[in-house]
Amino acid sequence: MDKRDAIGSWLSGPRAAAEDAGVDFGYRGQQLGLPEEGPGSIARPGRRLGALAVDWAMSVVIASQFITQGYGDHATSNWALLVFFLMSALTVATIGFTPGKRLFGLRVVALDTGRVSPLRALLRTALLCLAVPALIWDRDGRGLHDRLAKTVEVRI
């Protein structure tokens with residue numbers, strides 16, 4: 001074996017090395033029965049982060065203007081987190097998306113029923129507010145918060 005091949009597979013990561021060995025991973029969402037492209041496909045990370053940024057910005061504006069009367073207060077970030085939690089949990093449980101998700105063409109659906117129950121929305125949002133579960137992704141691009149709540153974020 002040429003040493004450059006060994007170094008290349010190490011630098012490329014385990015997925016590239018497995019693909020070179022003949023393992024077929026398929027596309028993101030294939031194991032969930034979702035289409036590869038278009039409506040109903042797994043949402044891409046860029047859209048998800050954009051929607052999260054819009055929702056967080058809305059929460060900060062609401063907290064700073066209506067609750068703490070200014071952004072300089074240290075309590076504003078805590079209030080913004082509470083506003084974000086309430087907004088996300090209520091809107092995902094009732095209509096399936098937050099304002100940011102709607103703006104970016106995304107929707108949260110349950111894997112088994114399609115509609116997110118209030119309990120699942122609360123669990124998903126609580127884990128999202130902890131941030132760490134949202135940073136751990138599976139091969140389909142779903143965060144740990146989505147896996148535990150048995151939900152998936154798809155394109156509309």
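1. Let's start with strand E2, residues 151-155, in this predicted model. The strand is mostly covered, with five of its five residues buried. Thr151, Glu153 and Arg155 point one way from E2, while Val152 and Val154 point the other way, and all are buried. As a reminder, side chains in a regular strand alternate between the two faces of the sheet.

2. Which strand does E2 pair with? Its partner is E1, residues 106-110, and the two run in the antiparallel sense over five bridges.

3. Now to the helices. H3 (residues 45-67) packs against H4 (residues 76-94) at an angle of about 125°, and their axes are 8 Å apart. That angle makes H3 oblique to H4, because the oblique class takes in angles that lie between 115 and 145 degrees. The crossing of H3 past H4 is right-handed.

4. Which residues bring these helices together? From H3 they include Leu52, Trp56, Met58, Ile62 and Ile67, and from H4 they include Trp79, Leu81, Val83, Phe84 and Met87. Sorted by class, the contact has 13 nonpolar, four polar and one charged residues.

5. Finally, have a look at threonine 76, which lies in helix H4. Is this residue buried or exposed? Threonine 76 has a relative accessible area of 1%, so it is buried, as the cut-off is under 20%. Setting aside neighbours within four places in sequence, threonine 76 is in contact with Ala63, Ser64, Thr68, Gly70 and Tyr71. Ala63 and Ser64 belong to the H3 side of the helix contact described above.

Methods. Residues are numbered from 1 along each chain as its sequence is written. This is a predicted model: local features need pLDDT of at least 70, side-chain atom pairs count only at pLDDT 80 or more; totals for chains, interfaces and linings use all residues. Side-chain values use heavy atoms; hydrogens and water are left out. Axes are lines fitted to C-alpha atoms, for helices over the stretch in contact, and angles run from 0 to 180 degrees between N-to-C directions. Helices (H or I, at least four residues) and strands (E, at least two) are DSSP runs, numbered from the N terminus. Angles under 35 degrees count as roughly parallel, over 145 as roughly antiparallel, 65 to 115 as roughly perpendicular and the rest as oblique. A crossing is left-handed if the near helix is turned anticlockwise from the far one by less than a right angle, and right-handed if clockwise. Contact means heavy atoms within 4.5 Å. Ala, Val, Leu, Ile, Met, Phe, Trp, Tyr, Cys and Pro count as nonpolar, Asp, Glu, Lys and Arg as charged, and the others, Gly among them, as polar. Buried means under 20% relative accessible area, exposed over 50%, partly exposed in between (1.4 Å probe, protein chains only). Two strands pair if DSSP finds at least two bridges between them.
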